[in-house]
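Hi everyone, thanks for coming. I have one structure to walk you through today, so please get it up on your screens.

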Amino acid sequence: MSPTNISAQPRRLFSGDAVLLGLAAFWLIFLNWVRLLTLPDEGRYTGVAWDMLRHGDISTPLLDGMPYFHKPPLFYWLDAICMHVFGMNEWAVRLPSVLGAWLALFATYAFVRRNYGVATARVTLLVMATMPLFFGAAQFANMDMLVAGLISATVLAGAETILRRDSGRPWRAMSALMGALAGLAFLAKGLIGPVLPGGVLFFWLLMRRDGKGMLALLRPATLLAFAVVAVPWCWMMQVRYPGFFHYFFVYQHFERFLDSGFNNQEPWLFYVPVLIVTALPWTLWGLGLFRKPFWKAERDPKGIRRLMAIWGLVVLVFFSIPASKLVGYVLPALPPLAFLLAELVREAVERDGAASARYGRRASITCVAAVVLCLITLVIAAISTLERSSRPLGEVMRKHEKPGDTLVMLHSYAFDLQFYARYTRPAWIVDNWDDPSIARIDSWRKELLDASEFDPTVQVLVSQQEWKRRMCAGPDGARYWVWGDGGDQTGNPLLTGVKPVASDKKNILWLLDADAAFKQRVCGETPTAG
């Protein structure tokens, strides 16, 4: 069955479309507050945004007061703005991910509606919004959903440029918009922002044998739009921190992409079952994708089905190359998958006779099951965050903290503790930072050690001996909030005889008052205040 005749359709979104997109936004946002921050990712990225906000300078990403260049700044900027406007809460810090998800929905819906028909557009939106992985990622505070939305918008702006040019409509502004979106995608997560859309559009145009289309996407105005958005921040960071270019581009992009020594190593075909499982139950309709009639040219006159297939394959192959794999990386493949599955659903429902009613019931059941599965996934995720969250200890600290108090973390880094405690200064992290293995192992320790090299004046990575020295040299009555575990209660001489202020299943919070008696016991003498 050919796509709905779109020649008679208006070229703008109706109020009905706005209502549909508004309902999709509500679906993504109305439960995003029910979970505590998931560790380590949500705590890490929210903590960076909070660190930037409390320093009053959002130009440089900061992890515990130190420059943190694992990722570019767009998510942090948006997160800091959301915290400033809506307050320090889980709902606010997840809004950038909701925005990325809604952008993917809007861009896909508008593109499909204009070029393929309103029926397919509406089914595509429904399928995508109720895929459990898409729904969950929209409520997860990290870069994956934001960059997926921007990658999707970039691909579709590029494809729209080509289709407008083919039909003789104005296309140059759309090409420039593609460049600006690619720049934002770069600021969201680095080079994959422009590289993935570029790969998708390259192979699509190669299949079309459309060399002039490639030139249309590489106009000087398009490249300038990309550069204006993407270059200034990188240049500013390199001027401020001379090692930035090598660390950010060479190490974080190329070496981490190709190196097999990082965490989360998975087999080559890891993303195939991930995509099938995390898009259930809609992928149960997917067998039709392997039937030749579905791909006949007369059923796809503009090549949009082939564009979507290429899009999904490029994402899968690209992220299958590195040994390190995370589930969220595959998010840019969900919009094209949703479109292809929506086409199968639409064609089945629009069949003649009793088959139409039968497939209509099947589609309704699939939709209800998808919604239920999304909600079940959310409940499971909410339960799983309870045990690891620092919120209970952070709230105790926030209630009793005084100006000038110092936070000390022992042998670990609680990414969410400063957020929940509203602590406004860098914490001291006590560990054996001279251990040479730290620089070789991908971990939170290496993240902090890397960050410390960009600004040695921020001395928050301290040894046990240095921590003791600082307390002994500090003023009488200085207070130290100490976060650690049960082993520290008996194994750390500075905590001997100190009663915990609060504890949970894993960690303990102490409050040390470095008065004269404490210094006499710990330092062996009563030092002069200094």
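Let me start with D64, which is buried because its relative accessible area is 1%. By buried I mean under 20% relative accessible area, with exposed being over 50% and partly exposed in between, using a 1.4 Å probe and protein chains only. You will find D64 in the loop between β1 (62-63) and β2 (66-67). Its backbone is worth a look too: D64 has a positive phi of about 55 degrees, although it is not a glycine.

Before going on, a word on what we are looking at. This is a predicted model, where local features need pLDDT of at least 70 and side-chain atom pairs count only at pLDDT 80 or more, while totals for chains, interfaces and linings use all residues. Residues are numbered from 1 along each chain as its sequence is written, and side-chain values use heavy atoms, with hydrogens and water left out.

R422 also has a positive phi of about 55 degrees without being a glycine. R422 sits in the loop between α19 (417-421) and β4. Is R422 buried or partly exposed? At 23% relative accessibility, R422 counts as partly exposed.

Now let's zoom out. How many helices and strands does the chain have? The secondary structure comes to 23 helices and 8 strands; these are DSSP runs, H or I of at least four residues for helices and E of at least two for strands, numbered from the N terminus. The radius of gyration is 26 Å, close to the 24 Å that the globule rule gives for 530 residues, so the chain is as compact as a globular protein of that length. For that comparison, the radius is taken over C-alpha atoms, and the rule is 2.2 Å times the number of residues to the power 0.38. Along its principal axes, the C-alpha trace spans about 90 × 50 × 45 Å.

Of the 530 residues in the chain, 55% are buried. The chain exposes about 22,800 Å², and carbon and sulfur atoms supply 65% of that area; accessible areas come from the Shrake-Rupley method with a 1.4 Å probe, and for residues only the protein chains shown count as cover. As for contacts, meaning heavy atoms within 4.5 Å, take those between residues at least 6 apart in sequence: 75% of them join residues at least 24 apart.

T154 is buried, with a relative accessible area of 2%. Leaving aside residues up to four places away in sequence, T154 touches M178, L181, A182, P197 and L201.

A search of the whole structure finds 1 disulfide, where a disulfide is a pair of cysteine sulfur atoms within 2.5 Å. Which cysteines form it? The partners are C472 and C523, with their sulfur atoms 1.8 Å apart. This pair links distant parts of the chain: C472 is in helix α21 (residues 464-473) and C523 is in helix α23 (residues 516-523), 51 residues apart. The torsion about the S-S bond of C472 and C523 is about -100 degrees, so the disulfide is left-handed. C472 counts as buried, at 15% relative accessibility.

Two prolines come next. The peptide bond from L39 to P40 is cis, with omega near 5 degrees, and P40 lies in the loop between α1 (15-29) and α2 (41-55). The peptide bond from L280 to P281 is cis as well, with omega near 0 degrees, and P281 is in the loop between α14 (271-278) and α15 (304-320).

My last stop is N432, in the loop between β4 (428-430) and α20 (444-454). N432 is partly exposed, with a relative accessible area of 46%. From N432 to V522 there are 90 residues in sequence and 20 Å in space, C-alpha to C-alpha.

That's my tour, and I'm happy to take questions.
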